[in-house]
Amino acid sequence: MTPMQIKICGVTNVRDAKACVDLGAQLIGLNFWPQSPRYIQPDTARQIVDALPADVTAVGVFVDGNAEEIRKTANIAGVRCVQLHGNFTPEIARELAREFRVIRAFCTYAQFRPEDVSLFPDCAVLIDAYHPHLRGGTGCTCDWPAARATLAFARFVILSGGLNPQNVARAIQAVMPQAVDVCSGVERAPGVKDHRAIKNFIAAVHTAERLVHATSTHNVILSEAKDLGSISERNSSK
């Protein structure tokens, strides 16, 4: 079983970024949307990126905009992965995917259709909760059944939206994503991370992984035993 990846989003300083990595996160989200309380300047983001180990991915979070603006900010900050919220077309995502790893974010609002994620084959997909004004970090839980339905249409699904140390294990069992994303669920204040909460969140993710793996193994054994029983019955009837 491929280990689940963990993304801590809304990081605003080097100290929190290092704590996230030390505790086991593989992706660090840096918010470049000026209306977010977790917004940071590209130069500040560069300091965080330069402090990260080579095997940790810094993710630049963008809302709307065009490819050139995103490219410029990402290059100043030194991020090689961009996360796109809002009105981004498949063409813009495809253009950016020539230079960056791209994560296309979707919200599970009333008109969301899981099959729409297939319009972005070059992207990983992040499923978030809907909010009329905010883009991420809302603390609202997304529609887990809708998120699970996207697995049939995307190569890599990141579950976001209102996750925290108390509910992430249930979310993983319900959706079975390849990665999880947390922001407000591990904060003391917007942009200020709670290191104990991060530790508890990551521990809960690993516990859920073990449970999912054990359940999967048990089901495989039962299936194989059933198949062997069918073969035995057919042989005995000959």
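A residue is counted as buried when its relative accessible area is under 20%. By this criterion Asp16 is buried in the predicted model, because its relative accessible area is 3%. Asp16 forms a salt bridge with Arg15, with the closest N and O atoms 4.0 Å apart. Arg15, in contrast, is exposed, at a relative accessible area of 58%.

The fold contains eight strands that close into a barrel with parallel pairing, in the order S1-S2-S3-S4-S5-S6-S7-S8. Neighbouring strands of this sheet are turned against each other by 25° on average, direction ignored. Strands S4 (residues 81-85) and S5 (residues 101-107) pair in the parallel sense over four bridges, and Leu84 has Arg104 in S5 as its bridge partner.

In the whole structure, 11 salt bridges are found. Glu68, Arg71, Glu95 and Glu99 are linked in a network of such bridges. Glu68 is exposed, with a relative accessible area of 51%, whereas Arg71 counts as buried at 13%. The side chain of Arg71 also forms a salt bridge with that of Glu99 (2.6 Å, N to O). Glu99 lies in the loop between helix H4 (90-96) and S5 and Arg71 in helix H3, so this pair ties together parts that are 28 residues apart in sequence. Glu99 is partly exposed, with a relative accessible area of 34%.

Ser160 is located in the loop between strand S7 (157-159) and helix H6 (168-175) and is buried, at 7% relative accessible area. The side chain of Ser160 makes a polar contact with the side chain of Asp181 (3.1 Å). Beyond neighbours within four places in sequence, the contacts of Ser160 include Leu126, Ile127, Asp128 and Cys142.

Conventions
Residues are numbered from 1 along each chain as its sequence is written. This is a predicted model: local features need pLDDT of at least 70, side-chain atom pairs count only at pLDDT 80 or more; totals for chains, interfaces and linings use all residues. Side-chain values use heavy atoms; hydrogens and water are left out. Helices (H or I, at least four residues) and strands (E, at least two) are DSSP runs, numbered from the N terminus. Buried means under 20% relative accessible area, exposed over 50%, partly exposed in between (1.4 Å probe, protein chains only). A polar contact is a pair of N or O atoms within 3.5 Å; within protein, one must be able to donate a hydrogen and the other to accept it, and residues adjacent in sequence count only if both atoms are side-chain atoms. Contact means heavy atoms within 4.5 Å. Two strands pair if DSSP finds at least two bridges between them. Axes are lines fitted to C-alpha atoms, for helices over the stretch in contact, and angles run from 0 to 180 degrees between N-to-C directions.
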